[in-house]
Amino acid sequence: MVRRLDLTEFRNYAALRLELDGRPVVLTGPNGAGKTNMLEAVSFLAPGRGLRRARLGEAGRQGATRRWAVAARITGPTGPVDIGTGLAEGEEGERRVVHVDGQPASGPAALGQHMSLAWLTPQMDRLFVEGASARRRFLDRLVYGFDPDHARRVSAFERAMRDRNRLLALGGEQRWLAAQEETMAGQAVAVAAARRDGAQRLQAALRQNAGPLPQADIAVLGLVENWLEDQPAVAVEDRYRALLASQRPVDAAAGMALEGPHRADLIVRHTEKNQAAGLCSTGEQKALLIAIVLANARLTALRRGSAPILLLDEVAAHLDRTRRDALFEELFALGGQVWFTGTDSDLFRPLEGRAEFFAVRDGTVVAGIDRG
Ligand SMILES: Nc1ncnc2c1ncn2[C@@H]1O[C@H](COP(=O)(O)OP(=O)(O)OP(=O)(O)O)[C@@H](O)[C@H]1O
Ligand SMILES: [Mg+2]
């Protein structure tokens with residue numbers, strides 16, 4: 001749980017400290033107040049590019065003369081830890097630096113050891129109808145929750161792939177290409193296996209989903225993932241390495257690797273309706289997403305001994321009263337820290353006395369229920 005949060009020059013916050021007691025956090029305020037920005041700041045306490053997938057420079061407050069930073073005291077399975085992250089500019093351009101207990105960490109992936117986070121944002125309402133990349137990232141973030149090394153492997157694969165792309169474009173030496181392909185194949189199998197394993201566990205957790213949320217069926221679709229269905233990992237690794245070697249001319253022409261775990265997709269179906277998630281109603285799609293995020297939170301709670309932090313941006317407004325009350329109760333049962341946002345504090349009435357309320361106005365935050 002986040003017990004203290006410090007924002008410096010982050011989006012519309014010049015400087016802000018928030019002390020929290022561990023109960024759910026409810027942030028309400030008008031449009032443009034800074035509610036989503038606050039959740040985005042928290043999302044930077046986990047590996048990745050945050051819930052907006054922002055370019056690093058973009059998150060700095062406009063007109064600020066200092067670089068942005070987000071720091072937090074968190075309590076978790078490993079005890080209290082101070083983590084911090086922010087923008088640094090080096091010779092290679094902008095990058096995100098991470099500190100754990102005052103010591104520089106090797107990179108954002110190190111945050112996965114201390115923090116487990118999941119989020120739902122209004123942008124994700126189109127997750128099932130847009131391209132595969134957002135669904136793949138969604139799945140990968142779920143997998144980080146029970147396999148912190150997954151983030152490191154995904155970035156190692158992508159780095160080797162980018163290096164190979166560059167070599168292909170420059171007509172680089174065969175042995176350098178082979179070395180990158182070797183790395184790609186090793187990481188690809190590990191990434192694909194973790195996704196398959198993650199999807200299977202999630203599927204089992206989704207089966208235990210009672211209450212008003214729908215049942216969902218999920219599966220990972222991808223070349224390497226599919227090969228793992230009936231072949232041992234070593235054979236798949238050899239096969240993918242051989243494929244990459246034979247695809248060099250095609251990949252060079254395309255300017256990218258055409259096949260691999262970077263093209264995988266997460267397939268979701270509404271079980272009762274036996275319908276692809278993309279064909280379900282907006283509300284049904286939202287409910288499917290919530291069901292998946294909750295199933296994942298239950299899994300993480302079992303594995304780590306504590307539920308992940310959930311950032312639920314404008315989720316309450318989409319649900320009818322029965323589903324909203326059921327969601328609140330399920331979140332209390334789960335016991336992790338939940339961050340809610342909304343423009344209307346009335347929707348959160350059932351949480352009064354059981355959550356910490358804050359009113360957000362134009363980059364400032366005041367404790368207490370927002371009466372408009
Ligand atoms: N880098 C930045 N520097 C300064 N302000 C920014 C920056 N990026 C975004 N903002 C502004 O921060 C304000 C708050 O944005 P945010 O998305 O947090 O609002 P919100 O409270 O979630 O509103 P809504 O209810 O409409 O979702 C917006 O006016 C936005 O333009
Ligand atoms: Mg918002």
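I began with E19 and found E19 in strand 2 (residues 13-19). Strands here are DSSP runs of E with at least two residues, helices are runs of H or I with at least four, and both are numbered from the N terminus.

**Ground rules**

I noted that this is a predicted model, where local features need pLDDT of at least 70, side-chain atom pairs count only at pLDDT 80 or more, and totals for chains, interfaces and linings use all residues. Residues are numbered from 1 along each chain as its sequence is written, while chains are lettered from A and ligands numbered from 1 in the order in which they are written.

Is E19 buried or exposed? I found E19 exposed, because 11 other C-beta atoms lie within 10 Å. The cut-offs are 20 or more other C-beta atoms within 10 Å for buried, 12 or fewer for exposed, and partly exposed in between, with C-beta atoms placed from the backbone. I then checked E19 against R3. They are 16 residues apart in sequence, and their C-alpha atoms are 5.9 Å apart in space.

Two strands pair if DSSP finds at least two bridges between them. Strands of a sheet pair through backbone hydrogen bonds, either parallel or antiparallel.

I looked at the strand 7 end. Strand 6 (residues 93-100) and strand 7 run antiparallel and are joined by 2 bridges. V100 is the residue opposite Q103 in strand 7.

**L87**

I moved to strand 5 (residues 79-90), which holds L87. L87 counts as partly exposed, because 19 C-beta neighbours lie inside 10 Å. The C-alpha atoms of L87 and W68 are separated by 6.1 Å, though the two residues are 19 apart along the chain. I listed the contacts of L87, leaving aside neighbours within four places in sequence: L56, G57, G60, R67, W68, E94 and R96. Contact means C-beta atoms, placed from the backbone, within 7 Å.

**Two positive phi values**

Most residues other than glycine have a negative phi. I found R11 with a positive phi of about 50°, although R11 is not a glycine. R11 sits in the loop between strand 1 (2-10) and strand 2. R11 counts as buried because 21 C-beta neighbours lie inside 10 Å.

I also found E314, another residue that is not glycine, with a positive phi near 55°. E314 is in the loop between strand 12 and helix 9 (321-334). With 18 C-beta neighbours inside 10 Å, E314 counts as partly exposed.

**Strand 8 and strand 12**

I checked both faces of strand 8 (residues 117-120). L117 and W119 are buried on one side, and A118 and L120 are buried on the other. In a regular strand the side chains alternate between the two faces of the sheet. Strand 8 pairs with strand 12 (residues 309-312) in the parallel sense, over 4 bridges. A118 has L310 of strand 12 as bridge partner.

I traced another open sheet of 3 strands, with the order 9-10-11 and antiparallel pairing. Strand 9 (216-221) and strand 11 (275-276) are the edge strands, each pairing on one side only. Strand 9 and strand 10 (residues 265-270) run antiparallel, joined by 6 bridges. D217 is opposite R269 in strand 10. Helix 2 lies across strand 9 and strand 10, at about 90° to strand 10.

I then followed helix 2 (residues 132-146) to helix 3 (residues 149-170). They pack at about 135°, with axes 7 Å apart. The contact uses D140, V143 and Y144 of helix 2 and H150, A151 and V154 of helix 3.

**Ligand 1**

Which residues come nearest to ligand 1? I found N12, N31, K35, T36 and N37, out of 14 residues around ligand 1. Near means a C-beta atom, placed from the backbone, within 6 Å.

How values were computed
Axes fitted to C-alpha atoms, helices over the stretch in contact; angles between N-to-C directions. Contact = placed C-beta atoms within 7 Å.
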